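Please read the following notes with the structure open beside you.

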Amino acid sequence: MYRTHTCGSLGKENIGATVSLAGWVNRRRDHGGLVFIDLRDKEGIVQAVFNPEISPAALKIAEQLRSEYVLTLTGEVAKRPAGTENLKLPTGEIEVIVKEAEILNTANTPPFYINEEVEVDENVRLKYRYLDLRRPRMKENLQLRHRVTRFMHDFLDARGFTEVETPTFIKSTPEGARDYLVPSRIHPGYFYALPQSPQQLKQLLMVGGLEKYYQMARCYRDEDLRADRQPEHTQLDMEMSFVTQEDVLQLLEELYTSLAEAVKPDKKVITPFPRLTYADVMLRYASDKPDLRYGLEIADITNIAEKTEFEVFKNAIAGGGVVRVLAAPGCGEYTRHQLDELNQLAQSAGAKGLLTISLGSPGSKLSELTQDMIKSVAAKYLSLEQVKAIAEACGASTGDLLLIIAGEPDKICPALDALRREIARRFELADPDVLHFAFIVDFPLIVRNQETGGWEAANNPFTHPRDEDIPLLDTDPEKVIGKNYDLICNGLELGSGSIRIHRSDLQKKILKVLGYEDERINRLFGHMLEAFDFGAPPHGGFGAGIDRTVMVLSGEQNIRDVVAFPKNQSAMDMTLGAPSPAAEEQLAELHLRLLDEE
RNA sequence: GGCCCCGUGGUGUAGCGGACUAACAUGCCACCCUGUCACGGUGGAGAUCGGGGGUUCAAAUCCCCCCGGGGUCGCCA
C-alpha cells in the first residue's frame, strides 16, 4: 500500500495519526539540517518535514529529492508550531513529520513550471501535455468537464432518457462539413465516414421507439480549426419523441440553469433565457451568436441616411444596401489614429468603409448638440437634425462616437459584429461572472448557395419547416422558417437542434426543393424515408457542445484548454505526433496508393 | 489559400542599427544554512537572438524569402 491518505485531505482532525502519503515533489526547501517538502497529489498539497533528529535516514532521502520526483512517505501528522502556520494552504495548520521515505521515481527537470501559473508557449505545453495536466489550471478544467458530463448524465437519467451508443464508422452523407474517411480493407475502394453527428441514427432511434435518447457523442469534421473548433469534439446528443420546440427549449433551459448552479454556483445566470429570432439578432447585434452581457445595440438608419446628401449612403441604398450604426460610448474624442484602427478593423471584416461621427466631449445632453461639436468627414453632408436622429436611434449621447457602415446586410454584419466586440473588449463590458444564455429561433430553413445559385438547407435537410410556411416551399423557399434553434452563451454557440421531419412525403418534398433528383434521394436518404413510412413519431432534439460548454463555464478563451489532448491549429497532435505517414504495407492492405503531390 | 500578430538561455521577459563579450527574473548545478512555505546566502553553467539571403564599416535590431506557432476570413448543414 502506497498511501493511507491523500495530501490535500489532511487536516487538524488527523493530528497524532500516522499516515502514509504518495505524490510528487511540488517544492523543496532545504535548510541544511532541516528539509521541507511540499508533497502534491490530485487532492492538494501538504508540507512534509524531514528532521535529522527524527529520522536521519529520511533526511538522506530528502537531500536527493528534486522537483517532480515521485515519493512515498510515512510519518505523523502534527500541529504546526505556533507562528509557522501557512494560511495560504488548506492544509497549512498541520504538517507531516516524516519517519520513512522512499523515492518511487526520479524526474527530469520539467521544461516549464508545474508549480507556478505562468504562460508557456503552447507548443511546449502540448508536447509535454502530461506535465501541463499536472498544473492546477488544466487539472481544474478537466475536473470541471467531468462534473459537467456527470451532471448531464444524472439529469437526463432522472428524466427517463436512455443512453445509446451509435457507431463511429458510418456512411458519408451529402452536405455539411468535409468527412473524415476510414478506408475499408474488406471492400476495396469503399470508405466509412466518421460521424459529423449521429443525426440520422438518433432519428432512427426515435423510429425505434426509444422516445428519449441521449449520448455523449464524439463528432468529427475535417474543417479548419479555430479557437472554439477542434476536428473532433464531444456533443451531448439528445432526441425526444412527441415533443414540440417549446418542450425541447424548456428542457434545455432547465438543464443549463441547474448545471450552472451545480458546477459554478458563483456565476450569475440570466433567467429565463431570452428567445431571440434570427432576424432580430442579426439586426440588433449583427451576429447569430451575440454576447448579450453588454448592450451596444446596432440600429438601422437606412431611412435617415437616404435623406442625407452623402453620396456613399445614397449609392449603397440604391444598390439594395442598408445603413446601420453602432455607438461607441465615450469615444467621441478618439484621435485620428484610433479612428483609423477602427476603420481598418471594419474593412478587414469586409466593410467597404467606416463612417465615424464624433459627438464631441461628454457632459451635455443630446438636445444641446451643436454643429461644431460634430466631427466627421461627412459632416457637411449631414444636417444637425440628421446626426441627432442617428444618435438617438442607437442611444448615443454627446461624447460618444457613431460607427456607421453602409452596404448589403450580408457584407456589413461581420464588420459591425467585429466593431461591437472590439468596443466591448476595450471597455471590458463583458462581465466574467455572468452567463448570459439565450435561444436563437426562427432561422431560415433554406438559403441560396452563393456558388451554385441553388437552394441548400441552412441547418440540415431534416429540419421541419414551420407548419404555416409549408405552402411557401413551392413559391418562396427562402421565406420558409424552420423549427430549429441555437443555444448561445457569452458569444459562443453552445449547440443547436430542431424539430425533425417525420413524414416521408414532407421529407421528399424538402429534398426536391433542395435540388435532389429521385434517384439521389433514394440512394442517399432511402433508408430514412423507408423508416419514416413505418410509423415514425414526431420528434426533435439537440446537440450541445461539451467543449464549448466547459469553455464558457471555466471562462477559458480556447477550446484546447478544456481538452486533455487537443490538436493544434494545423490539426496535429503534438503529444503523440499525429498524423504520421502510413507504411506501404498498410496502404496496400487498404487498397490505397498515394498521389505524387508537388 | 488571404489578412493580422508572435518567434532572444529550460521557462517568462528586456534589448529594436554601434557602448551586446546579449540584460533581468526564475529554473538548473555546487557549497553553506534547523521553521521555511515563491525560504535565504555565495558561486557557477546555460542563448551564434526560428532558418536562409540581403542592405550596412557594423544587424537580435532594417529589408526579402522560408519555417514554426497563434488569431481571423474562406470553410464549419
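**Notes on the model**

1. Arg145 has a relative accessibility of 16% and therefore counts as buried, where buried means under 20% relative accessible area, exposed over 50% and partly exposed in between, with a 1.4 Å probe and protein chains only. Its salt-bridge partner is Asp547, with the closest N and O atoms 2.9 Å apart; a salt bridge is a side-chain nitrogen of Lys or Arg within 4 Å of a carboxyl oxygen of Asp or Glu. The two belong to distant parts of the chain, Arg145 to helix 4 and Asp547 to helix 16, 402 residues apart. Asp547 is also buried, because its relative accessible area is 3%.

2. This is a predicted model, in which local features need pLDDT of at least 70 and side-chain atom pairs count only at pLDDT 80 or more, while totals for chains, interfaces and linings use all residues. Residues are numbered from 1 along each chain as its sequence is written, chains are lettered from A and ligands numbered from 1 in the order in which they are written, and side-chain values use heavy atoms, with hydrogens and water left out.

3. Asp561 and Arg137 form a salt bridge as well, at 2.8 Å from N to O. Asp561 sits in the loop between helix 16 (546-554) and helix 17 (584-589), whereas Arg137 is in helix 4 (residues 136-158), 424 residues apart; helices (H or I, at least four residues) and strands (E, at least two) are DSSP runs, numbered from the N terminus. With a relative accessible area of 6%, Asp561 is buried, while Arg137, at 24%, counts as partly exposed.

4. How many salt bridges does the structure hold? The count is 47. One of them joins Lys12 to Glu93, whose closest N and O atoms are 3.6 Å apart. Lys12 lies in the segment before strand 1 and Glu93 in the loop between strand 4 (70-79) and strand 5 (94-105), so this pair ties together parts that are 81 residues apart in sequence.

5. RNA strand B is surrounded by 50 residues, the closest being Asp30, Glu53, Thr84, Glu223 and Asn459; a residue is near the strand if one of its heavy atoms lies within 4 Å of it. Sugar and phosphate make up 55% of the atoms of RNA strand B that come within 4 Å of the protein. In the side chain of Glu53, an N or O atom is 2.4 Å from a base oxygen of RNA strand B, and a polar side-chain atom of Asp224 is 2.5 Å from a base nitrogen of RNA strand B.

Methods
Polar contact = N/O pair within 3.5 Å; in protein donor to acceptor, adjacent residues only side chain to side chain.
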